[in-house]
Amino acid sequence: MDQDYTDFMSRVKKRTGIDLALYKEAQMKRRIISLYEKKGFHTFQEFYQAMDKDMELLGEFLDRITINVSEFYRNAKRWEVLEKKILPELLKTRRTLKVWSAACSSGEEPYTLAMILSTYLPLSQIKIFATDIDQNIITKAKIGLYAERSLQEVPPAIKAQYFTKEGSFYKVSDQIKRTVTFRQQNLLADPFVDKYDLIVCRNVLIYFTEEAKQHVYKKFSDALTPGGIFFVGSTEQIFNPQSYGFETADTFFYRKR
């Protein structure tokens, strides 16, 4: 491994917490070199020095190294059902909600949850637990810097209230960031210890085998309070919800019986 890249990796880790050594080296170097050449740099060291002073360049770098298919308010109609129907029902019997965003990727989902919950609760009362298997992606989520394309579905009023523009990137406000606690977790292997009123796990279970899916559905069901809601992605309908102790609350929303 060349010294220029080794030094770059250690400086990036110190600056962002992201460990580039966890990615395939040849592939990652290619990706970063193509970005820094496009920007007119000739070495990793030159690129790092520029990136350290320029938030927009840092944003482009983070965007390049993480394969990000997540976005805020993804499938907006479903989030509308959560906001207008599911949350008012939950809040009829609960003063606050314990919420978990499972397999949260780079943070768009838990931050979306916080923004929607802020309609009903003061931000000081919102506590969202967010987990993902990938420590690097969690670190990116904590930084909270996103490309414009991630915000396509965000309502204009929410965008104005909770984001600031940094070049062509957007930074999530600190008050929203404070509502979310991130932690690394493997959904299949790790135990689910707490009880939640709302669990959101979207666009992840499609990658699991049937057997793994059944195992995780059972774990999610056990981790919900009675009457709690499990919200899944738009290709992840559960066809036999009753076998996990669920009933259908709406399309892609399941209530713990």
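Visitor: Is Thr179 buried or exposed?
Guide: Thr179 is buried, with a relative accessible area of 3%; buried means under 20% relative accessible area, exposed means over 50%, and partly exposed lies in between, using a 1.4 Å probe and protein chains only. Before we go on, please keep in mind that this is a predicted model, in which local features need pLDDT of at least 70 and side-chain atom pairs count only at pLDDT 80 or more, while totals for chains, interfaces and linings use all residues. Residues are numbered from 1 along each chain as its sequence is written, and side-chain values use heavy atoms, with hydrogens and water left out.

Visitor: Where does Thr179 lie, and what is it in contact with?
Guide: Thr179 lies in the loop between α9 (174-177) and β6 (180-184), where helices (H or I, at least four residues) and strands (E, at least two) are DSSP runs numbered from the N terminus. Leaving aside neighbours within four places in sequence, Thr179 is in contact (heavy atoms within 4.5 Å) with Ala114, Leu123, Ile126, Lys127 and Ile128.

Visitor: OK, on to the core. How many residues has the largest nonpolar one?
Guide: The largest nonpolar core has 42 residues, a core being a set of buried Ala, Val, Leu, Ile, Met, Phe, Trp, Tyr and Cys residues joined through side-chain atoms within 4.5 Å. Helix α5 (residues 76-92) gives the largest share of this core, 7 residues. The residues with the most contacts inside the core are Phe72, Leu82, Tyr111, Met115, Phe163 and Leu198.

Visitor: Take Met115, what does it touch?
Guide: If we set aside the neighbours within four places in sequence, Met115 is in contact with Phe72, Tyr73, Ile158, Tyr162, Phe163, Val172 and Ile176. There is also a second, separate core of 24 residues, which includes Leu35, Phe44, Met51 and Phe169. As background, in soluble globular proteins nonpolar side chains tend to be buried together.

Visitor: Changing topic, how many salt bridges does the structure hold?
Guide: The structure holds 13 salt bridges, each being a side-chain nitrogen of Lys or Arg within 4 Å of a carboxyl oxygen of Asp or Glu. One of them joins Asp52 to Arg15, with the closest N and O atoms 2.8 Å apart. Asp52 lies in helix α3 (residues 44-53) and Arg15 in helix α1 (residues 3-16), so this pair ties together parts that are 37 residues apart in sequence.

Visitor: And are those two buried or partly exposed?
Guide: Asp52 is partly exposed, with a relative accessible area of 38%, and Arg15, at 38% relative accessibility, also counts as partly exposed.

Visitor: Which residues are linked into a cluster by ring pairs?
Guide: Ring pairs link Trp100, Phe129, Phe192, Tyr196, Tyr217, Phe220, Phe230, Tyr244, Phe246 and Tyr254 into a cluster.

Visitor: Last one, which charges sit over rings?
Guide: The charged end of Lys98 sits over the ring of Tyr196, 5.3 Å from its centre, and Lys219 lies over the face of Phe192, at 4.4 Å from the ring centre. A charge sits over a ring if NZ of Lys or CZ of Arg is within 6 Å of the ring centre and within 35 degrees of the ring normal.

How values were computed
Rings of Phe, Tyr and Trp (its six-membered ring) pair if their centres lie within 6.5 Å; planes under 30 degrees apart count as stacked, over 60 as edge-to-face and the rest as tilted.
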